[in-house]
Amino acid sequence: MTADAPPGLTEDPDLGDLFHAAFRGLRRRWTHELAPFELTPHQWRALNTLARGCGPCPPEVRGAGGGPEAGLRLKALADLLRIAPRSATEVIDQLETKELVERAPDPLDRRAVLVRLTADGQELRSRIHQSRRRQSTEYFGRLDSGERDELARLLGVLAGDEPVAQHR
């Protein structure tokens, strides 16, 4: 073991295990952070995905106009969340009960239904997004700015994304 390695780490740590442990710590903090909003992580993901929409997806999966305000078909939402459509239905039912989302007829296909955020859902999503940003800044605050930039770059490479903007 090297002199500057953290206790319990060998010279050749399993990067997958380290990454998973860091992710579990972040997820635990995040689940705790969601509790006051009375949302589960699955409900948050659905709210956030509806707020972002699906980008340049074809009209057959999103409402007329294409923006997040148009909504998404349930199957498209399930695909974006990478869950089964019946699981997406359960999550949307829960969010609808909380009056955070609504179902509306699809103007492009009267047989289809779109799901979109209500004004309350948009407001709650915004508050949670700000809270999550603060929590993330705190969690990664133990790294200096150069380490955060390097971590963002490396995670971007692993995620297959283009270079990531500097995170300060």
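Me: Over how many bridges do β2 and β3 pair in the antiparallel sense?

Reply: This is a predicted model, with residues numbered from 1 along each chain as its sequence is written, in which local features need pLDDT of at least 70 and side-chain atom pairs count only at pLDDT 80 or more, while totals for chains, interfaces and linings use all residues. Side-chain values use heavy atoms, leaving out hydrogens and water. Strands here are DSSP runs (E, at least two residues; helices are H or I, at least four), numbered from the N terminus, and two strands pair if DSSP finds at least two bridges between them. A hairpin joins β2 to β3 through 2 residues, Asp-106 stands opposite Asp-109 in β3, and the antiparallel pairing of β2 with β3 extends over 6 bridges.

Me: Which residue in β3 is the bridge partner of Leu-72?

Reply: The open sheet has the order β1-β3-β2, with β1 (72-73) and β2 (101-106) as its edge strands. Antiparallel to β1 runs β3 (residues 109-117), joined to β1 by 2 bridges, and the β3 partner of Leu-72 is Val-115.

Me: Which helix gives the most to the lining of the largest pocket?

Reply: A pocket is an open set of points on a 1 Å grid over the protein atoms alone, where a 1.4 Å probe fits, with protein on both sides within 12 Å along at least five of seven lines, and lining residues have an atom within 4 Å of a point. Among the 49 lining residues, Phe-23 and Leu-26 are two of the closest to the centre. Several helices, including α5 (119-139) and α6 (145-159), each supply at least two lining residues, but the most, 12 residues, comes from α1.
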